[in-house]
Amino acid sequence: MLTVILSILAYGHDSLMLLIYYSRTLGRRYSLKITAAATGVWWVMQCACKLPVMYFADEYSMSVVMMLQCLLMGGYLFLCYGSSPAKKLLAMLLVTVTLGLAEITAILIAENIAEAGSRVLEAGSE
């Protein structure tokens, strides 16, 4: 459960950084309030669509989860920002890598707090 909470906080941090950085870089289409609300909706959708599948499902396809994440990010960037498609694609790649690193960091922090060490991440462990 701690991993889920830390992942939600990491996604929240990433969405805040996304709003601050991409507002200037990609040129927002709407006011800051509307873009902040859209960023909040993206954060909630990201957490609701990805975390229950990853942490509470018995089996899941990581490819499907990543495709859903890319579709959500593409929709968010298409609706809120008016830059070129190449810049939006690079922004989507940057956010995907950042979210992956945030998830790994959340897992490592949660395992160290729970005093399980890195046994959960070792090959062949349950």
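Visitor: How many helices and strands does the chain have?

Guide: The chain has four helices and zero strands. Please note that this is a predicted model.

Visitor: In what order do the elements run from the N terminus on?

Guide: From the N terminus, the order is α-α-α-α. Helix α1 covers residues 2-27, helix α2 residues 32-56, helix α3 residues 62-80 and helix α4 residues 85-113.

Visitor: What share of the residues count as buried?

Guide: The chain has 126 residues, and 33% of them count as buried.

Visitor: Let's turn to packing. At what angle do the axes of α1 and α4 cross?

Guide: The axes of α1 and α4 cross at roughly 155° and come within 9 Å of each other. An angle over 145 degrees counts as roughly antiparallel, and α1 and α4 are therefore roughly antiparallel to each other.

Visitor: And is that crossing left-handed or right-handed?

Guide: The crossing of α1 with α4 is right-handed.

Visitor: Which classes of residue make up the contact of α1 with α4?

Guide: The contact of α1 with α4 has 17 nonpolar residues, together with four polar and three charged ones.

Visitor: What about α1 and α3, how do they pack?

Guide: Helices α1 and α3 pack at an angle of about 55°, and their axes are 11 Å apart. They are therefore oblique to each other. The crossing of α1 and α3 is right-handed.

Visitor: And at what angle do α3 and α4 pack?

Guide: For α3 and α4 the angle is about 135°, with the axes 10 Å apart. These two helices are therefore oblique to each other, and their crossing is right-handed.

Visitor: Changing topic to the rings: how many aromatic pairs are there?

Guide: The count comes to two aromatic pairs. In one of them, Trp42 and Tyr76 are stacked, with 5.8 Å from centre to centre and 25° between the planes.

Visitor: Where in the chain do Trp42 and Tyr76 lie?

Guide: Trp42 is in helix α2 and Tyr76 is in helix α3. The two residues are 34 residues apart, and their pair links distant parts of the chain.

Visitor: Are those two buried or exposed?

Guide: Trp42 counts as buried because its relative accessibility is 4%, and the cut-off for buried is under 20%. Tyr76 is buried as well, with a relative accessible area of 5%.

Visitor: Which pair does Tyr76 form with Tyr81?

Guide: Tyr76 and Tyr81 form an edge-to-face pair, with the centres 5.7 Å apart and 80° between the planes. Both of these tyrosines are buried.

Visitor: Which residues do the ring pairs link into a cluster?

Guide: The cluster consists of Trp42, Tyr76 and Tyr81, linked by ring pairs.

Visitor: What lies over the face of Phe78?

Guide: Arg29 lies over the face of Phe78, at 5.6 Å from the ring centre.

Visitor: Now some single residues. Where does Thr3 lie?

Guide: Thr3 lies in helix α1. Its relative accessibility is 13%, so Thr3 counts as buried.

Visitor: How many residues apart are Thr3 and Glu103 in sequence, and what is the spacing in space?

Guide: Thr3 and Glu103 are 100 residues apart in sequence, and 8.4 Å apart in space from C-alpha to C-alpha.

Visitor: In which helix is Met54 found, and is it buried or exposed?

Guide: Met54 is found in helix α2. At 14% relative accessibility, this methionine counts as buried.

Visitor: What separates Met54 from Val4?

Guide: Met54 and Val4 are 50 residues apart along the chain, and 9.4 Å separates their C-alpha atoms.

Visitor: How many residues apart are Gln46 and Gly12 in sequence?

Guide: Gln46 and Gly12 are 34 residues apart in sequence, and their C-alpha atoms are 9.8 Å apart in space.

Terms used. Residues numbered from 1 in each chain as written. Predicted model: local features only at pLDDT ≥ 70, side-chain atom pairs only at ≥ 80, totals over all residues. Heavy atoms only, no water. Axes fitted to C-alpha atoms, helices over the stretch in contact; angles between N-to-C directions. Parallel < 35°, antiparallel > 145°, perpendicular 65-115°, else oblique. Left-handed = near helix turned anticlockwise from the far one by under 90°. Nonpolar A, V, L, I, M, F, W, Y, C, P; charged D, E, K, R; others polar. Phe/Tyr/Trp six-rings, centres within 6.5 Å; stacked < 30°, edge-to-face > 60°. Buried < 20%, exposed > 50% of the residue type's maximum accessible area, 1.4 Å probe, protein only. Lys NZ or Arg CZ within 6 Å of the ring centre and 35° of its normal.
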